[in-house]
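These are my notebook entries on one structure.

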Amino acid sequence: MSLRIAVLPPAGSRQKVLAEKHLELLKKRGEVVCIEAGSNAPEAIRKTIEGADIAISSWGTPSLDGTILAAAPGLKGVIHAAGTVKPIVTPELWNKGIRVSSANGPLGKGVAETALGLTIASLKNMWKVSRDTQHGGWGEEKQRVRELFDVTVGVIGTGKAGRHYIKLLQNFDVTVLLVDPFVTVEQAEAIGATKVELEELLNRSDVVSIHAPSLPSTYKMINSERLAQMKDNAILINTARGSIIDEPALIEELKKERIFACIDVTDPEPPEVDHPFRSLNNCVLTSHIAGSVTNGLHRIGKYAVQEIELLLNGKRMDGEVEEKDMAFLA
C-alpha cells in the first residue's frame, strides 16, 4: 500500500515552509494530499488527514483532537513544521501513541545566529557608531568598542536555540556561563559552558542572552532586582519571549544608561507606537525576526522531510517530543 502524507497547513503557511522541491521529495514516498486552498476548518483538516499515515502541521493548524484523528486510524506521526507543538497536541494524540516532532531545532538555529549577530554588533558598539557617523561624527564612539574576546557571555536556557548559541560561541575565546534547571553541571561542561546560579551569571556576564521558554516560572524573571545585578555596560539580548522580561523595570534601568538592550520580542507584540523601546538610545528593537523568516523558513521544510525519513526508518526523530516533555517546553 502506498504511503499517504497529509499536508495540513493552509496554502499561505505551506508555501512559506515547504518549497516545491520538498513536496517532490515527499511524493517519492507516496501520495501527498494538501488541504484545499483557503480552508482551515476542522472539517477540512479531517477530510485531508483521512487515511493518512503521516501528517505535517504548521502555523495555523488547529488542535488535532479525537474527531480529527478518528479519520486517520493508521496515523503514525505528526511532523509539526513550526515551533511549539502545544497548539496541535491533544490527549487523544498521545493516547493513540502517535509520534510527534517539532521544528524547534531549525528555528533555534536561526534564533541563535541572530543572537550571535546581536552579540557581536552590540559589543562592537555598531549601533551608536552608525548613528554618530550618520550625523557627521567619526571615531568618537571607538573607545566603547569591544571584541568578542576575553568576555563573559551568560546564557539563560539551553533549549535548541540556547544550545546552538553556545555551540557558535565555541568559535571565540570567551567564557560561557549557563543557567538552566534542567541541565546538570556535567551536561553544561560537555557543551562548553559552566553552570551557575542566575545571580552569579548576571553579576559576571558582559553579555546576557535569554533563550528560556515562556513558562509560569520564567514570567517576568528578569525584573528590577535582577536587572540591578547586571554589570555596568552589560548587554541584555532577548530573542526568546517578551514575557520573560519585566518591561517597565527594563525601561527604568535603560533610562539610567547603565546597560544596553537588544529586544526582538515584546509582550504584547507589536509594542505600542510610543513604546520607550522604540526611542531609547541604548535599546535596539527588532520586529521578532530572530526565528526563521523568508528564505530561512525553507530550512523547516527540509527538516520535515528528514524527520519523516527517520520515522519511516524506525529511528527516533531529531525533534521528537513526548508527553512528559510538555511541562517544560515553550
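**Cysteines**

I looked up the sulfur of C283 and found the closest cysteine sulfur, in C262, 7.7 Å away, which is too far for a bond. I took a disulfide to be a pair of cysteine sulfur atoms within 2.5 Å. By that cut-off the structure holds 0 disulfides, and C262 is in none. I then checked burial, where buried means under 20% relative accessible area, exposed over 50% and partly exposed in between (1.4 Å probe, protein chains only). C262 is buried at 1% relative accessible area, and C283 is buried at 8%.

**Basis of the entries**

I note that this is a predicted model, in which local features need pLDDT of at least 70 and side-chain atom pairs count only at pLDDT 80 or more, while totals for chains, interfaces and linings use all residues. Residues are numbered from 1 along each chain as its sequence is written, and side-chain values use heavy atoms, with hydrogens and water left out.

**Helix α12**

I took helices (H or I, at least four residues) and strands (E, at least two) as DSSP runs, numbered from the N terminus. Helix α12 spans residues 247-255, and its buried residues are E247, A249, L250, I251, E253 and L254. The cover over these buried residues includes α11 (224-228), β10 (235-238), β11 (260-263) and β12 (283-285). Just after α12, I found E257 with a positive phi of about 55°.

**Cores**

I defined a nonpolar core as a set of buried Ala, Val, Leu, Ile, Met, Phe, Trp, Tyr and Cys residues joined through side-chain atoms within 4.5 Å. The largest has 29 residues, and I156, I222, L236 and L250 have the most contacts inside it. Helix α12 gives the largest share of this core, 4 residues. For L250 I listed contacts (heavy atoms within 4.5 Å). Leaving aside neighbours within four places in sequence, L250 touches L227, L236, I245, I259, A261, I263 and F277. A second, separate core has 26 residues, among them A115, L116, V155 and Y165.

**Second largest pocket**

I searched a 1 Å grid over the protein atoms alone, with a 1.4 Å probe; a pocket is an open set of points with protein on both sides within 12 Å along at least five of seven lines, and lining residues have an atom within 4 Å of a point. The second largest pocket holds about 420 Å³ of space. Its lining has 18 residues, with N125, K128, R144, N233 and F260 nearest the centre. The largest share of that lining, 4 residues, comes from α7.

Key: Points joined across faces, edges and corners; volume = space filled by probe spheres on them.
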